[in-house]
Amino acid sequence: MNIVAKRLEELGLRLPKAAAPVANYVACVRSGALLFVSGQLPFGSDGKIAAELTGKLAADSPIEPATAAARQCAINLLAQAQSALGDLDRVARVVRLGGFFAIEGRFERLPQAMNGASDLMADVFGERGRHVRTTVGVAHLPLDALAEVEGLFEIAP
Amino acid sequence: MNIVAKRLEELGLRLPKAAAPVANYVACVRSGALLFVSGQLPFGSDGKIAAELTGKLAADSPIEPATAAARQCAINLLAQAQSALGDLDRVARVVRLGGFFAIEGRFERLPQAMNGASDLMADVFGERGRHVRTTVGVAHLPLDALAEVEGLFEIAP
Amino acid sequence: MNIVAKRLEELGLRLPKAAAPVANYVACVRSGALLFVSGQLPFGSDGKIAAELTGKLAADSPIEPATAAARQCAINLLAQAQSALGDLDRVARVVRLGGFFAIEGRFERLPQAMNGASDLMADVFGERGRHVRTTVGVAHLPLDALAEVEGLFEIAP
């Protein structure tokens, strides 16, 4: 009962209020057993994107803001899924994450950056958190965010 | 009967002939209840991409061509879905749109640009048109298009 | 029996050992009839990405390395699917490929480049290999790869 809620508490993680989409779409759509979640930006619990989680990664950028941005996007995916499902224990599997990072020129540590999101899913869901993913560096993201992560979850019957 | 067709008529929208894929793939694949549609470019009904819907968005670009490009991609998604399904009334839900915009440097209004596609789905399908989406700015798109949008639809049993 | 294995042999294709994910995620997740495969990089059978399959495409880049990179990513998708399924004859359909190419400035022949992946699926699976796809040019890819391709397969019951 409330396994995921307890795990979030152990991790010291409080899910923010699910952010309203910034335009004319919805955060989650369920189709059969699949729950699709819109690309999430690294909004904090104050509803703003911290300045250090905006801009673009470059060759000499530190890894920490990139990882933190991906992690925050993942937290927001969970907030959206929680809001749609009522209870994250209904998640049978994290199926897929799609990670986009804003890059100018080059940034060598994209996989480590995306681990900010992947590690969170593993920490929260354990084996059920093991997902496929695609990570790419893009030219620009909405609201000048450093990262955007979309999610796909399988819901238990 | 023909609810969507009537709605398209009310909107003054005539779907173009579904464009043949520009290379070795198909426009639509159905798997179970899901209809996947290839990324669509903003071809007009003359089979060409208008010059103003090509190139790259930049900091000082106007919003109109970006929105128009996304809308045209969405129209082409509908044309493909119509061609695959025979009747758009079979669409139970627009599940997801993935929007890519060609950007040089930065362009602040990506979400508004993508609304060109999202608003069309809402206008045509109403509640069934409410979808999740992911919007990113990329480095370059096929045929120098300003936008490319892929779609995922749920088909009624 | 072993139709795909025989076809691979006819094509002179030996699938490499499925590469371990380069970070904290898995290569394949099955959900219902769908097999999702993580974005694959153009690793060769020696476990390395050949120098000519790294870097970025530009206006004057030749097409061959771009096509070869996409093809190698597709081979690695098959290696992952084979590893997950045991037998590629279980693939009922290649549903979707998502192709990302690292581009600096512009590169006119993205669709032809992506055919490196699409043609391989058609060669290996015939009619079952006909898929939808989305092809975009991005700013940077993990390990400086020229291409990354993700896959979605439908598995026979």
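Helix axes here are lines fitted to C-alpha atoms over the stretch in contact, and the angle between two of them runs from 0 to 180 degrees between N-to-C directions. Keep that in mind for the helix pairs below.

First, some ground rules. This is a predicted model, so local features need pLDDT of at least 70 and side-chain atom pairs count only at pLDDT 80 or more, while totals for chains, interfaces and linings use all residues. Residues are numbered from 1 along each chain as its sequence is written, and chains are lettered from A, with ligands numbered from 1, in the order in which they are written.

**Chain A on its own**

Let's start with chain A, which has three helices and five strands. Helices (H or I, at least four residues) and strands (E, at least two) are DSSP runs, numbered from the N terminus.

How much of chain A is buried? Buried residues come to 54% of its 157 residues. Buried means that 20 or more other C-beta atoms, placed from the backbone, lie within 10 Å of the residue's own. As for contacts (C-beta atoms, placed from the backbone, within 7 Å), 83% of those in chain A with a separation of 6 or more link residues 24 or more positions apart.

**Helix against helix**

Two packed helices are described by the angle between their axes and the distance between the axes. In chain B, helix α2 (residues 64-85) and α3(B) cross at roughly 40 degrees, and their axes come within 6 Å. That makes α2(B) oblique to α3(B), a label for angles that are not under 35 degrees (roughly parallel), over 145 (roughly antiparallel) or 65 to 115 (roughly perpendicular). The crossing of α2(B) and α3(B) is right-handed, the near helix being turned clockwise from the far one by less than a right angle. Among the residues in this contact are Ala66(B), Cys73(B) and Leu78(B) of α2(B), plus Gly116(B) and Val124(B) of α3(B). By class, the contact has 14 nonpolar, four polar and one charged. Nonpolar covers Ala, Val, Leu, Ile, Met, Phe, Trp, Tyr, Cys and Pro; charged covers Asp, Glu, Lys and Arg; the others, Gly among them, are polar.

Over in chain C, helix α2 (residues 64-85) packs against helix α3 (residues 110-125) at about 40 degrees, with the axes 6 Å apart. That makes α2(C) oblique to α3(C).

**Where chains touch**

| Contact | Residues from each chain |
|---|---|
| A with C | 28 residues from chain A, 23 residues from chain C |
| B with A | 28 residues from chain B, 23 residues from chain A |

Which element gives the largest share of the side of chain A that touches chain C? That is α3(A), with eight residues. This side of chain A has 13 nonpolar, eight polar and seven charged residues.

On the side of chain B that touches chain A, β3 (91-102), α3 (110-125) and β4 (132-138) of chain B each supply at least two residues.

Definitions and conventions:
Contact = placed C-beta atoms within 7 Å. Buried ≥ 20, exposed ≤ 12 C-beta atoms within 10 Å, placed from the backbone.
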